[in-house]
Amino acid sequence: MSTLAQLQPHDLWHHFEALNAVPRPSKHEERVREFVKDFGRKLGLEVQEDKTGNVLIRKAGSPGREGRPTVVLQSHLDMVHQKNSGTTFDFATQGIRMRVDGDWVRAEGTTLGADNGIGVAATMAVLAARDVVHPPLEALFTVDEETGMTGASGLEAGWLTGHTLLNLDTEDDDELTIGCAGGLDLVATMDAPMVALPEGHQVYEVVVEGLRGGHSGMDIHLGRGNANKIMNRFLFSVPGLRLVSLDGGGLRNAIPRESHAVVAVPEDLTALAASQEAIYRAEYATTDPDLRLRVKPHAGATMVLEESFQARFLRALYAVPNGIYRMSPDVAGLVQTSNNLARVTLQDGKAGVQCLSRSSVDSEKLDLANAVRGGLELMGFQVEQLGGYPGWTPRPESDIVKLMSALYRELFEGEPRILACHAGLECGILGKNYSEMEMISFGPNIRGAHSPDECVQISSVQRFWKFLTATLERL
């Protein structure tokens, strides 16, 4: 019997389990694209793929609903690949290992892929269903959402005919999302001069780990520790330290959970590391109670970073802003602008820094990115700003917002939260070519997205399915 076989709605969980058996990293969605296309063809539905790799499956309306306006169901096929340092797992070849934990589904030491696999699975369940009443449907499965939204950016005008788009990529089941932040990637590189390891120095491996991480948009307001910032703080505090190598963070849109460095020092590092760990653990006791700073002897180092370059390098990293830059003055509780110091490396004589700046105000997003860029360029980095995507402007008076708000109150006897979010959603990009299309985003409760703590709530998926199918019946 499969892991999720007893869960309801059965068809949705069945499709989620089948989807999670298919490796689907961003920019390498070949297998999952074929999986989805094969699914549509077996149902006898019209299946298309555009030059970017997005897949579109069309299904006629239910009997008596054939003439209704077409509705687009939209989700992205790729997932974030993150795993715990002690987990052995190959995302390129293995399917996600899942387990049921009370009212939650989790993965074994890796990201779960509920972001946005639950949306994909729900769409598949609707396409396969005979008992769901719906208007004509266009199921749009986009690619590469997590590393640049290039699928949505490459979607051509005129391919979709729907008037309303339901984006199934929100992570709280009481929210109706009607706007989001845009983003801009910053990638900085430069040559790093290395010199011979000084005599009399001891070499250590330094590891910052145990941080909770999370989504750099949805979780940025929680104040969680950034492993790159904590590591830099420690390196800066060690007298006489010489840096051998540095490897911190991972994906651009994930708050860094771990950082690894190799250093050379003239004195034993153990006592200082223990005292600094105590300070960091006290500061992050609420947000990151499992934070650890470990040091252990390391062999094999022969070169270290040149001393004056190292001093400027660590100061430049200290100066990079991280976390909330500005809260919205207009929407209570909304992060307007932020920066994530996502990746820091020093390997083989090359230094690298990667950030993702977000904002719901495009001019402020660029202003923050320029502030980051300016400091790094003063250090001598070559800086590129890449992958910019626009925000999504809210339209609270649209028909779909009114319909789904009223339906939520009817089904669940409560008020939905109608809001914009600080994460990037594809609606802003899709709106460039489909400016008249009404859009809304919703989904079940997902926690810890973009980290190995990711989980999705079973009872919430049931509410989400009820809400989705009821909405389709009303449209």
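User: Contact means heavy atoms within 4.5 Å. Which residues does Tyr204 touch, not counting residues up to four places away in sequence?

Analyst: This is a predicted model, where local features need pLDDT of at least 70 and side-chain atom pairs pLDDT 80 or more, while totals for chains, interfaces and linings use all residues. Residues are numbered from 1 along each chain as its sequence is written, and side-chain values use heavy atoms, with hydrogens and water left out. Tyr204 sits in strand β11; helices (H or I, at least four residues) and strands (E, at least two) are DSSP runs numbered from the N terminus. Tyr204 touches Ala261, Val262, Val263, Val265, Glu267, Asp268, Leu269, Val295, Lys296, Pro297 and His298.

User: Is Tyr204 buried or exposed?

Analyst: Buried means under 20% relative accessible area, exposed over 50%, and partly exposed in between (1.4 Å probe, protein chains only). The relative accessibility of Tyr204 is 4%. So Tyr204 counts as buried.

User: Which residue's side chain makes a polar contact with the side chain of Glu209?

Analyst: Glu209 is also in strand β11, which covers residues 202-209. At 7% relative accessibility, Glu209 is buried. A polar contact is a pair of N or O atoms within 3.5 Å; within protein, one must be able to donate a hydrogen and the other to accept it, and residues adjacent in sequence count only if both atoms are side-chain atoms. At 2.5 Å, the partner of Glu209 is Arg294.

User: How far from Cys421 is the nearest cysteine sulfur?

Analyst: A disulfide is a pair of cysteine sulfur atoms within 2.5 Å. By this rule the count is zero. Cys421 is buried, at 10% relative accessible area. Cys421 is in no disulfide, and the nearest cysteine sulfur, that of Cys180, lies at a distance of 5.5 Å.
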